[in-house]
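Work through the exercises below with the structure in view. Try each task before reading its solution.

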Amino acid sequence: MRIPRALTIAGLDSGGGAGITADLKTFHALGVYGMVALTAVTAQNTLGVRAVQEIDPSIVETQINAVAEDIGVDAAKTGMLSSSPIMEAVARAVKRWGFPLVVDPVMYAKSGDPLIRPEAMETLKRVIIPIAKVVTPNAPEASHLAGFRVETLDDARRAAKVIAEELHPEIVIVKGGHLTGNESIDIVYFRDTGEYRELRAPRIDTKNTHGTGCSFSAAIAAGLARGLSPWDAIKLAKELITTAIKYSLPLGHGHGPVNPMAWLELRAYRADVIDEMNKALSMIEENADLIGKYIPEVQSNLGYALPAFYARDLNDVAAIPGRIVRYMGKAKPSGPPTFGVSSHVASYILTAMKYDSEVRSAMNIKYDDRIIEAAKELGYVISSYDRRQEPPEVKAREGASIPWGTEQAIKSVGRVPDIIYHLGDWGKEPEIVVLGKSPVEVVSKLLAVLRRIDEKSRF
Ligand SMILES: Cc1ncc(COP(=O)(O)OP(=O)(O)O)c(N)n1
Ligand SMILES: Cc1ncsc1CCOP(=O)(O)O
């Protein structure tokens, strides 16, 4: 088994959002072992850079040699290279080992503070960019490298070609993050073939973009280390950075950090949600006769949302496609738990989570007075709302009824209850919704109530 290995040759951001910490998170999120050759220590936070201590160039070079000689480097990236001597040292080591290099031509921090000495700009162009397989300037960096202002997509296309032809990297990506428009469009130019390609993603409206360039270039290096073609590595990096920006972290008072670990966490949480749903479905199947009696005309569903930070909309809630039906008197899930297949139950969950982020699961069942009575006896918190009181403007808004009703029920008991019910309206069947922290907890609550009804009916 080959363990892909990538090296970041970059600076430390004490705030943890950019530089080597962003790079290592990105490498690991993509399943690549990460190594570091530190070039500078910056005293930095989300607001700016307070101080910079450069690392001695010979130490930078020795770090690269040390890891390449022993552990091996499948691909590397550079970030903050602030001085000509550091650049010369890096170039010597890169040429010695011959690994593919991604260059993020870091010039300024998001805060606007400079991260390169003015006199080193020429060395960046003459010594570092020519040894790059891929170079990833944003629009201001592309302006410096190409020698004209990059403000439009056409400018970006022209700049990519000029940088490739004059400075000789194999591939130039002029990133669209600093340009305007609903989409963030990166221009990719291949020097050998003269071919242009584009990478598009919806522009995400956030100020928390600290570390974007670092993570993007690290993701390309990780893809190369994994043996992907440059184009596949670039596409993967665009997907990762879009996710990292979508789930960026509102930390600090300036530009908060992007979140490359979201790539990994989302996958882990999704798998966890499906596992927990399957456990609860087994409980339903083991008690199919009992639960079967309480499946309503519209049928039931059981939902479970991702943890609150990741639960943004209905697609972030897993439920049963085709719902839980009554078949031969028994409760029967129609299919495997799947994200984005519920609107009704998912809407209860997402609304409840606004009041208590721990309550991530719910199941709807048929209304029955005995359930309310038994739940009261068991000490559950019960609340209700009256669908007939729904304001016309709420009724008129698609998808607004359940959030409205859920909020009414929560506000009337001052917390997210265990059970919410309503007695219906014209054309709306009365229903009971059981809520809980997990689907196992929801089904356990439901079974406790149904068993109590059963016991009572026997005496
Ligand atoms: C140590 C260090 N390296 C690089 C940067 C640049 O990061 P950022 O300011 O977020 O800009 P992009 O990553 O988007 O290019 C830094 N601030 N510190
Ligand atoms: C009670 C109820 N009312 C309309 S659909 C439905 C059942 C569950 O729907 P979903 O599968 O959207 O959660």
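This is a predicted model: local features need pLDDT of at least 70, side-chain atom pairs count only at pLDDT 80 or more; totals for chains, interfaces and linings use all residues.

Residues are numbered from 1 along each chain as its sequence is written, and chains are lettered from A and ligands numbered from 1 in the order in which they are written.

**Exercise 1.** Find the strand order of the open sheet of nine strands.

Solution. Helices (H or I, at least four residues) and strands (E, at least two) are DSSP runs, numbered from the N terminus. Strands pair if DSSP finds at least two bridges between them. The order reads E3-E2-E1-E4-E5-E6-E7-E8-E9, and the pairing is mixed. Now take the edges: E3 (49–54) and E9 (195–202) each pair on one side only.

**Exercise 2.** Describe the shell around ligand 1.

Solution. Count first: 19 residues surround ligand 1 (C-beta atom, placed from the backbone, within 6 Å). Gly11, Ala18, Gly19, Ala109 and Gly213 are the closest. Next, look for the main contributor: E1 gives the most, with four residues. Last, sort by class: eight are nonpolar (Ala, Val, Leu, Ile, Met, Phe, Trp, Tyr, Cys, Pro), two charged (Asp, Glu, Lys, Arg) and nine polar (the others, Gly among them).

**Exercise 3.** Which helix gives the most to the shell around ligand 2?

Solution. List the shell: among its residues are Arg323, His344, Asn364 and Glu431. Helix H11 (residues 344–355) gives the most, with three residues. By class, the shell has four nonpolar, six polar and two charged residues.
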